[in-house]
Amino acid sequence: MALYEHVFLARQDLAQAQVDALAEAATKIVQDNQGKVVKTETWGLRSLAYKIAKNRKAHYVMLEIDAPAGVVAELERQTQINEDVIRFMTVRVDELEEGPSAMMRKQERDRERRGDREGGRDGGPRGDRPDRGDRAPRRDREEEAA
């Protein structure tokens with residue numbers, strides 16, 4: 001059997017439970033046709049690069065599938081019919097990724113980076129920065145230069 005990654009974008013106004021139900025429906029389609037969903041990842045509600053069907057955001061879901069080609073055709077047919085799905089893409093891959101996908105690793109890195117901050121952009125506390133009062137007023141510097 002071939003290996004595929006199937007990513008779909010669901011409308012922004014859906015609840016997370018409805019998005020999970022869409023993922024379960026896709027899993028059921030694959031399993032009913034002698035395929036297997038190896039992994040399901042929900043990437044969450046993310047901003048789109050441009051508006052799609054009046055949506056500025058979408059719920060992203062990825063399924064890693066081990067199934068024959070006919071299963072993917074049926075999955076895409078059912079996904080295309082569903083009005084809650086605004087875009088989808090299925091790609092054949094040589095091997096499935098072990099562990100979390102690149103999108104999930106990126107989210108973890110972002111979370112870690114935000115957790116390290118205590119108030120400044122550089123990660124350090126705000127007290128480490130030089131105070132603006134250390135510089136001489138502007139007119140004094142101009143007089144020194146003259």
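Author: Let us begin with exposure: a residue is called buried when its relative accessible area is under 20%, exposed when it is over 50%, and partly exposed in between, using a 1.4 Å probe and protein chains only. By that rule Asp13, at 53% relative accessibility, counts as exposed, whereas Arg11, with a relative accessible area of 23%, is partly exposed. Please keep in mind that this is a predicted model, in which local features need pLDDT of at least 70 and side-chain atom pairs count only at pLDDT 80 or more, while totals for chains, interfaces and linings use all residues. Residues are numbered from 1 along each chain as its sequence is written, and side-chain values use heavy atoms, with hydrogens and water left out.

Reader: How many helices and strands are there in the protein chain, and what pattern does the chain follow along the sequence?

Author: Helices (H or I, at least four residues) and strands (E, at least two) are taken as DSSP runs and numbered from the N terminus. On that basis the protein chain has 4 helices and 4 strands, and reading along the sequence gives the pattern β-α-β-β-α-β-α-α. Of the 146 residues in the chain, 33% are buried.

Reader: In what order do the strands of the open sheet lie, and which of them are the edge strands?

Author: Two strands are said to pair if DSSP finds at least two bridges between them. Here the open sheet has 4 strands in the order 2-3-1-4, with antiparallel pairing. Its edge strands are strand 2 (36-52) and strand 4 (85-93), each of which pairs on one side only. From one strand to the next, the twist averages 20 degrees.

Reader: What does strand 1 pair with, and over how many bridges?

Author: Strand 1 (residues 2-11) pairs with strand 4 in the antiparallel sense over 8 bridges, and it pairs with strand 3 in that sense over 10 bridges. Towards strand 3, Leu9 stands opposite Tyr60. Strand 1 is also mostly covered, with 8 of its 10 residues buried.

Reader: Which strands do helix 1 and helix 2 lie across?

Author: For questions of this kind, contact means heavy atoms within 4.5 Å, and angles run from 0 to 180 degrees between N-to-C directions, with axes fitted as lines to C-alpha atoms, for helices over the stretch in contact. Helix 1 (residues 16-32) lies across strand 1, strand 2, strand 3 (55-67) and strand 4, running at about 30 degrees to strand 3. Helix 2 (residues 69-81) lies across strand 1, strand 3 and strand 4, and it runs at about 170 degrees to strand 4.

Reader: Is Thr79 buried or exposed, and which residues does Thr79 touch?

Author: Thr79, which is found in helix 2, counts as buried because its relative accessible area is 9%. Not counting residues up to four places away in sequence, Thr79 touches His6, Val85 and Phe88. In helix 1 you can look at Thr27, which is buried at 11% relative accessibility and, leaving aside neighbours within four places in sequence, is in contact with Val37, Thr40 and Leu63.

Reader: Which residues make up the largest nonpolar core?

Author: In soluble globular proteins, nonpolar side chains tend to be buried together. A nonpolar core is a set of buried Ala, Val, Leu, Ile, Met, Phe, Trp, Tyr and Cys residues joined through side-chain atoms within 4.5 Å. The largest one has 12 residues: Ala2, Tyr4, Ala26, Ile29, Val30, Val37, Leu63, Ile65, Ala67, Val71, Val72 and Leu75. Strand 1, helix 1, strand 3 and helix 2 are the elements that give two or more residues to this core. A second, separate core of 9 residues includes Trp43, Leu48, Ala58 and Ile86.

Reader: How many salt bridges are counted, and what does Arg11 pair with?

Author: Side chains of opposite charge can pair when their charged atoms come close. The rule for a salt bridge asks for a side-chain nitrogen of Lys or Arg within 4 Å of a carboxyl oxygen of Asp or Glu, and by it the count comes to 6. Arg11 forms one with Asp13, the closest N and O atoms being 2.9 Å apart. Another joins Glu41 and Lys39, whose closest N and O atoms are 3.5 Å apart; Glu41 is buried at 7% relative accessibility, and Lys39 is buried at 19%. Through shared partners, salt bridges join Arg11, Asp13 and Asp84 into one network.
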